[in-house]
Amino acid sequence: MDWQAFALSLKLATVTTAILLAVAVPLAALLVLGRSRWLAALEALAALPLVLPPTVLGFFLLVLLGPRTAVGRGITSLLGHPLAFSFSGLVVGSVIYSLPFAVQPLVAGFAVVEPALVDAARLLGANPARLVLSLLVPLARRSLLAAAVLSFLHTMGEFGVVLMLGGDIPGATRTLSIVLYNQVENFDYAAANRTAAALLGMSVVALAAIYLGSRPKGGRRA
Amino acid sequence: MLELAIDARRGSFHLQVECRFASDWTVIFGPSGAGKTTLLRLLAGLDAPSRKGPDRARIAFDNRLLTDSPVGLALKPGPRPWERKTSFVTQQPALFPHLTVAANVAYGLPWLGGETESKQAVEAALELVGASSLIDRRPRDLSGGEAQRVALARALAPQPRLLLLDEPFSALDGSASDALLARLQIWLTEHRVQTVLATHDATDALATSAEVALLREGCLAALGSAAEVLVSERRRLLGRLGKG
């Protein structure tokens, strides 16, 4: 097992999940509570990474963050180094790539909160932030758990965006999925088996946690 | 005094009301679908007239404009001085299921400041509606009538200036409803809170010495004392009692 890659993947998934929850909670609340027609376009944009091939997304980001665009040049002058082929770049790519996995469960969770409860909170003077934090999030806590776990796992296992945007730099951008790819390419199937088993084990445990958390005490038909 | 001039469409439904509610207690009486809830939601600030189309709404309470759609004014719901200071209790109690009764009633009180002050306001509101014993319970442990009492306490705790009630006692039996109504009327008079109660039940409308607004198919058909406006309903009820 490449522990350096394992630690980097964990760090990437943790940072990405934290950023995603901070972004996805207000975004999902806006999509559910907002009335503007433009929100349909925003929702489509947030769901785009679901259908876009990861390599395509990675390529666009590589070009956008590179020295040929004003955005890329601006970031380079701000940070002193380009975002591409760095851990920070991987975080940006991961946040965009896993955005729908955080937003969609939250939208589903917020949407089933009774409108009468939202009205009651508004009548009692709740501003949008209080409405979200004191009502929507507690009532949709299972969706929040699902969003966190799915974002984490999706980031742990991502390959295309990482390879395109980060390459394969040990300690900086080499994640577990890149290690697995390298091991297979080198015909080191024993090591590949261990790496794949680690990724599989984490996925199973985390998904079991989601389903255990979302299962009613008396069963689904109780 | 509540002054309203509303011309609003919701699909094929057209609400047209222009009047003044001068009494401390006004009952909006009308059959289901007459537009009572639509009117109360506009008064509460939960709905606004559509920006597109011919909708217009001008709502003023004690000479303070709450809504004036032609100039884009719509004060937000809420108990703070810059908000509408209007409470609205609906048939569905809509208690926050993850909070205790005490936390539900305190939800509208953070602007009060001190914890002691907030606690006192919660206890006073629960005592008024006869729900002091429920203070530590969760909404799932309440009966329909208990939940409606708590919802009423939650609406009264922030001390609104205008109270809107949409059939809020439907889950209470007759004597409990009458007793609560009597206590409530005294409290509202003492605290100078103007109240608008919507109901389709003529006995509710006749139980108080209120001003009655008769709403039919979105239009104000009559406004006056209960004895004048509900004369036909009164005869109908007396006739049913006579047959009994």
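1. Is A:F85 buried, partly exposed or exposed? A:F85 is partly exposed, with 18 other C-beta atoms within 10 Å, where a residue is called buried if 20 or more other C-beta atoms lie within 10 Å of its own, exposed if 12 or fewer, and partly exposed in between, the C-beta atoms being placed from the backbone. A:F85 lies in the loop between helix 4 and helix 5 of chain A, and its phi is near 60 degrees, a positive value in a residue other than glycine. Most residues other than glycine have a negative phi.

2. The model is a predicted one, in which local features need pLDDT of at least 70 and side-chain atom pairs count only at pLDDT 80 or more, while totals for chains, interfaces and linings use all residues. Residues are numbered from 1 along each chain as its sequence is written, and chains are lettered from A and ligands numbered from 1 in the order in which they are written.

3. Chain A has eleven helices and zero strands, where helices (H or I, at least four residues) and strands (E, at least two) are DSSP runs numbered from the N terminus. Of its 222 residues, 39% count as buried, and the C-alpha atoms of chain A fill a box of roughly 60 × 50 × 25 Å along the principal axes. Two residues are in contact if their C-beta atoms, placed from the backbone, lie within 7 Å; among the contacts in chain A between residues at least 6 apart in sequence, 72% join residues at least 24 apart.

4. Helix 4 of chain A, residues 70-79, is hardly covered, with one buried residue among its ten. The residue that follows helix 4 of chain A is A:G80, whose phi is positive, near 90 degrees.

5. Helix 5 (residues 87-111) and helix 8 (residues 141-156) of chain A pack at an angle of about 160 degrees with their axes 8 Å apart, the axes being lines fitted to C-alpha atoms over the stretch in contact and the angles running from 0 to 180 degrees between N-to-C directions. Helix 5 and helix 8 of chain A are therefore roughly antiparallel to each other, a description used for angles over 145 degrees. The residues of this contact divide into nine nonpolar, seven polar and one charged; Ala, Val, Leu, Ile, Met, Phe, Trp, Tyr, Cys and Pro count as nonpolar, Asp, Glu, Lys and Arg as charged, and the others, Gly among them, as polar.

6. In chain B, four bridges join strand 4 (residues 56-61) to strand 5 (residues 64-68), and the two strands run antiparallel; strands are taken to pair if DSSP finds at least two bridges between them. B:A60 has B:L65 of strand 5 as its bridge partner, and in this hairpin, with two residues between the strands, B:D62 takes a positive phi near 50 degrees. Strand 5 of chain B is also joined by two bridges to strand 6 (residues 73-74), again antiparallel, with B:T67 standing opposite B:A74.

7. B:K85 lies in the loop between strand 6 and strand 7 (86-89) of chain B and has a positive phi of about 55 degrees although it is not a glycine. With 22 C-beta neighbours inside 10 Å, B:K85 counts as buried.

8. The contact between the chains takes twelve residues from chain A and 18 residues from chain B. Helix 6 of chain A gives the most to the side of chain A that touches chain B, with six residues.

Conventions:
Angles under 35 degrees count as roughly parallel, over 145 as roughly antiparallel, 65 to 115 as roughly perpendicular and the rest as oblique.
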